[in-house]
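Please look at the sequence and the 3D structure shown below, and read this report beside them.

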Amino acid sequence: MWNEPFGTRLRARLDKYGPLCVGIDPSPELLGAWGLDDSPAGLERFARTVVAAVGDVAAVVKPQSAFFERWGSRGIAVLERVIADLREAGTMVLLDVKRGDTASAMAAYAEAYLDQGSPLAVDAVTLSPHLGFGSLEVAITKAVANDAGVFVPAGVFVPAGGSTRARDPEADRLRAANAGEVLAGAEAANAGHAPLGPVGVVIGTTPPPDLPSDLSPNLPLDRLGGAILAPGLGAQGASPADLARLFAGVRQAVVPSVSGAVLADPDRVRDLTLRYRDECADHLSP
């Protein structure tokens with residue numbers, strides 16, 4: 001299915017279509033806003049409409065697996081059709097699954113999502129490093145063998161319930177240590193791969209305003225060698241200008257992710273996607 005490494009294909013997509021990833025997050029609230037039933041039929045109508053609107057203008061599309069999984073086999077069947085639609089459109093698919101487990105379970109997850117013969121095979125998946133970056137090795141190995149990629153959270157700072165919150169110094173230190181481990185692991189995995197390696201990281205664009213400066217997303221990203229998925233654009237408060245400021249030294253590696261800001265109005269999905277895409281391209285250009 002793919003005959004070039006993930007990083008080569010991603011770089012080509014970003015250069016051709018501009019830096020933007022559009023999330024497909026068919027929550028019950030969004031289905032209702034679209035006038036659709038909260039059902040597998042409504043789920044399919046929503047998701048495939050988004051694919052038709054953005055599949056030929058966005059570099060990457062990111063379905064959120066949880067919203068499909070909640071409908072069991074019927075939802076997974078919809079997800080398979082959405083992935084097939086995106087493949088037909090030539091769009092890169094990043095499936096947001098955040099899997100993280102022991103080696104044998106990770107091998108099974110990798111086979112499900114990264115084996116090119118699987119009906120759920122995608123270009124890349126999100127993984128969770130909560131058992132340590134080393135626990136992801138089997139999935140990374142499978143990704144490289146199949147010209148696919150993975151994205152691992154490395155300091156995702158998204159406000160929860162307001163602009164300020166109580167600080168937990170120990171939690172902050174653990175989060176910083178986790179970010180360092182992820183970045184070091186990604187750097188090692190990406191060595192020898194160009195223009196982008198198979199392991200990207202996820203770094204949110206909206207840190208709490210009271211986050212200590214030494215724990216901010218201002219990490220040594222110039223050595224990463226992979227892409228940076230940057231959620232938080234639009235509804236969560238980040239702007240394309242914020243991206244340029246936060247990732248000043250690695251702008252060309254950033255893949256901004258937007259969902260709610262372009263999905264709220266079914267009649268404007270394509271237009272809003274083009275607007276965000278072009279604004280991100282303007283701000284992230286060298």
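A residue is called buried if its relative accessible area is under 20%, exposed if it is over 50%, and partly exposed in between, with a 1.4 Å probe and protein chains only. By that rule phenylalanine 151 is buried, because its relative accessible area is 4%, and phenylalanine 6 counts as buried too, at 5% relative accessibility. The model is predicted, so local features need pLDDT of at least 70 and side-chain atom pairs count only at pLDDT 80 or more, while totals for chains, interfaces and linings use all residues. Residues are numbered from 1 along each chain as its sequence is written, and side-chain values use heavy atoms, with hydrogens and water left out.

**Aromatic pairs**

Rings of Phe, Tyr and Trp (its six-membered ring) pair if their centres lie within 6.5 Å; planes under 30 degrees apart count as stacked, over 60 as edge-to-face and the rest as tilted. The structure holds 2 aromatic pairs. One of them joins phenylalanine 6 and phenylalanine 151 in an edge-to-face arrangement, 6.1 Å centre to centre with 85° between the planes. Phenylalanine 6 lies in helix α1 (residues 6–17) and phenylalanine 151 in strand β5 (residues 149–153), so this pair ties together parts that are 145 residues apart in sequence. Helices (H or I, at least four residues) and strands (E, at least two) are DSSP runs, numbered from the N terminus.

Tryptophan 34 and phenylalanine 46 form a tilted pair, 4.3 Å centre to centre with 45° between the planes. Tryptophan 34 is in the loop between α2 (28–33) and α3 (40–54), whereas phenylalanine 46 is in helix α3, 12 residues apart. Both tryptophan 34 and phenylalanine 46 are buried.

**Salt bridges**

A salt bridge is a side-chain nitrogen of Lys or Arg within 4 Å of a carboxyl oxygen of Asp or Glu. A search of the whole structure finds 15 salt bridges, among them those in the table.

| Salt bridge | Distance, N to O |
|---|---|
| Arginine 48 and aspartate 85 | 2.7 Å |
| Glutamate 187 and arginine 223 | 3.7 Å |
| Arginine 275 and glutamate 279 | 3.7 Å |

Arginine 48 counts as partly exposed at 33% relative accessibility, whereas aspartate 85 is buried, with a relative accessible area of 18%. Arg48 and Asp85 also belong to a network of salt bridges that includes Glu44 and Arg81. Arginine 275 and glutamate 279 both lie in helix α11 (residues 269–284), 4 residues apart, which is about one turn of the helix.

**Cavities**

On a 1 Å grid over the protein atoms alone, a cavity is a set of points where a 1.4 Å probe fits but cannot get out, and its lining residues have an atom within 4 Å of a point. Among the residues that line the largest cavity are Phe6 and Phe151, along with Leu10, Asp123 and Val255. Strand β3 gives the most to this lining, with 3 residues.

The second largest cavity has a volume of about 40 Å³, and its lining includes Val97, Arg99, Tyr109 and Ala139. Here α6 gives the most, with 4 residues.

Key
On a 1 Å grid over the protein atoms alone, a cavity is a set of points where a 1.4 Å probe fits but cannot get out, and a pocket is an open set with protein on both sides within 12 Å along at least five of seven lines; lining residues have an atom within 4 Å of a point. Grid points are joined across faces, edges and corners, and a volume is the space filled by probe spheres set on the points.
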